[in-house]
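Here is a colleague's note for someone meeting this structure for the first time. Please keep the sequence and the model in view while reading the points.

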Amino acid sequence: MRKLIALSTIIVGFTVLQGCDEGRLYVDEMPIPPEGRTVTLTAHLSGLASWPDPSMYVVLAGFNDDSDYALINKSVPLPAAEGDEVSVVLSGIKENVTRVELCVINRLRKHILSFYTIDESQLTASNEIEVNAGTLNVGMYNTIQERVFNSTCVNCHGASTSAAAGLYLTADKSHAAIVGQPSKKLQGMSIVEPGDAAKSALYEAISTDVSITDGWHYNHTAEVVDEGILAMIRQWITHGAKED
Ligand code: HEC
């Protein structure tokens, strides 16, 4: 019996030691190779062609917490047909990168918004990371609908029984309700005038203080505070305000 206890002590001790060792060994065994880590992301993508490359474009990019600017990035190839599978390989990912995102950046490589994130724990688990991001609609208008209209505007513009100013910004109605439609509040403007953000009441409402100076019933100035999101809406209008 004593032998058995001694034996199990040795086994347990050994396992514990091995456990402790593993952390150190793990670091020793998995150094980032000089050429860096590689992430391969696969997804069924639609809407990619709607981005006005190179003003704004969809990339697989590496970031860290200190900056909004991509440290490394790779453009995403267009799928053969809408919804087809594409793969993008980002290699040369060094230690300074703490997350990799499928995201939109601008021409200065500043982060605008993210569609899919590979976090630090996934990133450090291997030097060859493969992820499947599933099916994503990254279309510019779809993104505006989901990130802007659905997240705030529809509360007053159509999600309940009424729509402020008769304006529906809900998913099935928004595009037809805004593009080329005359503004009720700003004379001579459309709600969205394709090609001209300055003549678009929607852009004016969220990027200027017109809703205060013009005495609207709701102050829209704090609706969209993120400069990158505002820029995305402006780009979308400037590039024709297309639905896909
Ligand atoms: C809390 C309610 C509320 C929210 C949220 C809201 N709005 Fe409005 N919006 C209004 C009201 C009320 C009016 C009408 C103002 C008036 O009649 O004076 C209006 C008017 C407008 C108009 C003018 C329509 C026209 O015909 O000229 C636009 C454009 C507009 N909103 C866009 C937006 C967008 C885009 C968002 C989201 C980013 C948004 N609104 C969020 C309440 C809201």
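1. With the side chain of which residue does the side chain of threonine 42 make a polar contact? The partner is serine 87, at 3.1 Å, where a polar contact is a pair of N or O atoms within 3.5 Å, and where, within protein, one atom must be able to donate a hydrogen and the other to accept it, residues adjacent in sequence counting only if both atoms are side-chain atoms.

2. A word on the basis of these values is in order. The model is predicted, so that local features need pLDDT of at least 70 and side-chain atom pairs count only at pLDDT 80 or more, while totals for chains, interfaces and linings use all residues. Residues are numbered from 1 along each chain as its sequence is written, and side-chain values use heavy atoms, with hydrogens and water left out.

3. The protein has 7 helices and 7 strands, helices being DSSP runs of H or I with at least four residues and strands runs of E with at least two, both numbered from the N terminus. Read from the N terminus, the order of the elements is α-β-β-β-β-β-β-α-β-α-α-α-α-α. Of the 244 residues, 43% count as buried, a term that means under 20% relative accessible area, with exposed meaning over 50% and partly exposed in between (1.4 Å probe, protein chains only). Among contacts (heavy atoms within 4.5 Å) between residues at least 6 apart in sequence, 61% join residues at least 24 apart.

4. Threonine 42, with which this note began, lies in strand β1 and counts as buried because its relative accessibility is 14%. Leaving out residues up to four places away in sequence, threonine 42 touches Glu85, Val86, Ser87, Val131, Asn132, Ala133 and Gly134. The C-alpha atoms of threonine 42 and valine 89 are 8.8 Å apart, although 47 residues separate the two along the chain.

5. A side-chain N or O atom of histidine 157 is 2.8 Å from a nitrogen atom of the ligand, a backbone N or O atom of lysine 184 is 2.7 Å from an oxygen atom of the ligand, and a polar side-chain atom of lysine 185 is 2.8 Å from an oxygen atom of the ligand.

6. Is histidine 157 buried or exposed? Histidine 157 counts as buried because its relative accessibility is 10%, and its place is in the loop between α3 (140-149) and α4 (174-178). Apart from neighbours within four places in sequence, histidine 157 is in contact with Ala163, Ala164, Leu167, Tyr168, Leu169, Thr170 and His220.

7. Helix α3 is mostly covered, with 7 of its 10 residues buried, namely Met140, Tyr141, Thr143, Ile144, Gln145, Val148 and Phe149. These buried residues pack against β6 (111-118), α4, α5 (201-207) and α7.

8. The peptide bond from aspartate 53 to proline 54 is cis, with omega near 5 degrees, and proline 54 is in the loop between β1 (37-46) and β2 (56-63). Arginine 109, which is not a glycine, has a positive phi of about 70 degrees and lies in the loop between β5 (99-106) and β6. Alanine 165, also not a glycine, has a positive phi of about 60 degrees and is found in the loop between α3 and α4.
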